[in-house]
Amino acid sequence: MKRILIFSLLFIISLVLVTCAEQSQHLSQNTSTSNPQSPLTIWWTKGFYPEEDEALQTVIKAWEQQAGLKAKLTLFSDDENLKQTLNALETENFPDIVYNRRLEFAVNPKAAWEGKVAEVSDIIKPIKTLYTPSAIQSVYLYNQKSKKFSYYGVPLQQQTLHLHYWRDLLEEAGFQDSDIPKDWNNFWAFWQEVQSQLRKQGKSDIYGIGLTFSSESNDTFYEFEQTLAASGIQLMNQQGELLVNNPEVRQGILDSLIWYTQFYKQGYAAPDSIDWLPEDNNINFLNRRLVMTLNPTLSIPASQKTDPDVYAQQIATIELPNKPNGEPMPNFVSIKQVITFKNSPHPQQAKSFLSFLAKPEILLNYLKGSAGRYFPVMPQLLSDPFWNNTNDPHLKVAAEQFRFVAPLSSILFAPYSQIFAENVWGKAIEQVIVEGLSPEAATEMAIAEIQTIFAEWKAQE
């Protein structure tokens, strides 16, 4: 009997020791991830050129000095950054801060809906009036957990489509700046004629129209949305109701798809543009394979600032042509934003960094340090001489564009962001060009996918 009691006592003691050890190990693991002494983890998309990364590092160092804290910066490619961020959302093993160029449509609306992004109303509300309406709208998102709208993210910078062309190639084709038409249809026909004239001179590997046709590039979405706008096609009304069953809207999508893909089919676009990633139109333009291209930032001219002749004389930037009906074309903006997560390792430090980043003087220095690739989301910053340099041919045009902007539908309607994330337009374009589907069939497939996206979103309400 005594032996049984001894064994029982030993078993109980060993069980207690094991349990305490497990609890100690679990507590140690939790402490290591939320240790206030460990550095703030920042995941950021690597810049297109060194100045962008240097500008960010300057901001981080300034915050470290002010806050008396440390930060660990990891720079990823945009694709790897997005992959890591989506994996963090799935595993709930979060960093503290994330910036990705696709955050605004591929991550934040859905993650905020699911209650995984940290609310930052205490940062945004005191400075709300400093932002453009589009910037504020882009981070004012619905949380299905709390059943209310709030602010989830800090607007960082904004972009819109810019048109660039090689002035010397235009002259070689026998034209000058003043020959470029201002209306939509004649504008595009003009660049077809420029290519034809250059081909007569033996330039067989040069293309007049630098549109993107790939489902792997965000540029395709921006460009096709602009194409829809040229015809006055809107997929949603002001109440957020989907209009794709409207015969006029369906026909407008079909007509836009036919119009867009014709340039590729007729040989006025580079054959490899069906496979382009976001940076490939930049590369092909700078390699002088394209006479004209569209780009949603000023990264093309900004990359040439070290060569004043190329920057100021050879590369030209112009505004978008007017709609076919003669009305001005809207300049659609998208807003790049920074977020932290509800369960980030250092929630207070993360908010401290975001508050610091949101200071107008910090944002201004960051954007200027990034060579002006993006534009400010605070209108007061546009009064800085940097953005009003009349001797800068690119910033001058872009500054005028940003005075007359409209938000992309993905900012106004959260489900629309999924159309962007899935690049529905890019897939439809590829189906016509690569798979040989008729534009009618590709249009129907795109509409069906859009309806599915909205139905799934509504089912979660």
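What you're looking at is a predicted model, where local features need pLDDT of at least 70 and side-chain atom pairs count only at pLDDT 80 or more, while totals for chains, interfaces and linings use all residues. Residues are numbered from 1 along each chain as its sequence is written, and side-chain values use heavy atoms, with hydrogens and water left out.

**The sheet**
- Three strands form an open sheet in the order β8-β7-β9, with antiparallel pairing; strands here are DSSP runs (E, at least two residues), helices are too (H or I, at least four), and the numbering goes from the N terminus.
- Strands β8 (292-295) and β9 (315-318) sit at the edges with a single partner strand each, so one side of each has no neighbour in the sheet.
- From one strand to the next, the twist averages 30°.
- Strand β7 (residues 162-166) runs antiparallel to β9, and four bridges join them; two strands count as paired if DSSP finds at least two bridges between them.

**The cores**
- The largest nonpolar core has 74 residues, and Trp-188, Trp-191, Phe-213, Leu-235 and Trp-425 have the most contacts inside it.
- Apart from it lies another core of 50 residues, including Ile-124 and Val-338.
- A nonpolar core is a set of buried Ala, Val, Leu, Ile, Met, Phe, Trp, Tyr and Cys residues joined through side-chain atoms within 4.5 Å.

**Two crossing helices**
- The axes of α10 (residues 218-230) and α20 (residues 424-433) come within 8 Å and cross at roughly 90°.
- That makes α10 roughly perpendicular to α20 (the label covers 65 to 115 degrees).
- Trp-425, Gly-426 and Ile-429 of α20 meet Thr-220, Phe-221, Phe-224, Glu-225 and Leu-228 of α10.

**A loop residue**
- Gln-144 is in the loop between β4 (140-143) and β5 (148-151).
- Gln-144 counts as buried at 15% relative accessibility (buried means under 20% relative accessible area, with a 1.4 Å probe and protein chains only).

Terms used: Axes fitted to C-alpha atoms, helices over the stretch in contact; angles between N-to-C directions. Parallel < 35°, antiparallel > 145°, perpendicular 65-115°, else oblique. Contact = heavy atoms within 4.5 Å.
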